[in-house]
Amino acid sequence: MGRRWLDGPGKLIVRAGGGAGAVAVPLEIAASYRARTKGLLGRDSVDGAILLSPANSVHTFRMRIPIDVAYLDRDLTVIAVHTMKPWRLGLPRLRSRHVLESEAGAMEGWGLRAGVRVEVTAEA
């Protein structure tokens, strides 16, 4: 399932409880090299999440806030979720094809954890 998105807004749909009670989260898609490189640098907050695609690792050098990081495989299933403080380097995840980033603590509130499959929709 090769997914190709363009930079821009979207929605992240999290169905942590088997489909009932889905959570829709505002999403920023960063698919170009330039957008992925910038990521969350220079921001004091995040409205929702940002999807870096393709990506299998991240760093928090020069970031101002701690972030939650979720590594997704090619089917958009969460491989792992970690909270990273500023000035850290995340280890690459071999099966990861996409990375979600949000403010620290947000992903737990959405029910995002290893094994949960998410949906991504791009807005025009």
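Reply: Two strands pair if DSSP finds at least two bridges between them. The model examined here is a predicted one.

Me: In what order do the 7 strands lie in the open sheet?
Reply: The sheet is open and its pairing is mixed. Strand 5 (78-84) and strand 7 (118-122) are its edge strands, since each pairs on one side only, and from one strand to the next the twist averages 30 degrees. Read across the sheet, the order is 5-4-6-3-2-1-7.

Me: Which residue of strand 6 is the bridge partner of Ala49?
Reply: Strand 3, residues 49-52, and strand 6, residues 98-103, run antiparallel and are joined by 4 bridges. For Ala49, the bridge partner in strand 6 is Ser102.

Me: Which element gives the most residues to the largest nonpolar core?
Reply: This core has 20 residues, of which Leu12, Leu27, Leu100, Leu112 and Val120 touch the most other members. Among the elements that give it two or more residues are strand 1 (8-14), strand 4 (67-72) and helix 2 (106-110). The element that gives the most, with 3 residues, is strand 2.

Me: Which residues is Val120 in contact with, leaving aside its neighbours within four places in sequence?
Reply: Val120 is one of the core residues that touch the most other members. With those sequence neighbours left aside, its contacts are Trp5, Lys11, Leu12, Leu27, Ile29, Leu51 and Leu76.

Me: How many residues make up the second, separate core?
Reply: In soluble globular proteins, nonpolar side chains tend to be buried together. The second core includes Val46, Leu52, Ile67 and Ala80, and its residues number 17.

Key:
Residues are numbered from 1 along each chain as its sequence is written. This is a predicted model: local features need pLDDT of at least 70, side-chain atom pairs count only at pLDDT 80 or more; totals for chains, interfaces and linings use all residues. Side-chain values use heavy atoms; hydrogens and water are left out. Axes are lines fitted to C-alpha atoms, for helices over the stretch in contact, and angles run from 0 to 180 degrees between N-to-C directions. A nonpolar core is a set of buried Ala, Val, Leu, Ile, Met, Phe, Trp, Tyr and Cys residues joined through side-chain atoms within 4.5 Å. Buried means under 20% relative accessible area, exposed over 50%, partly exposed in between (1.4 Å probe, protein chains only). Contact means heavy atoms within 4.5 Å.
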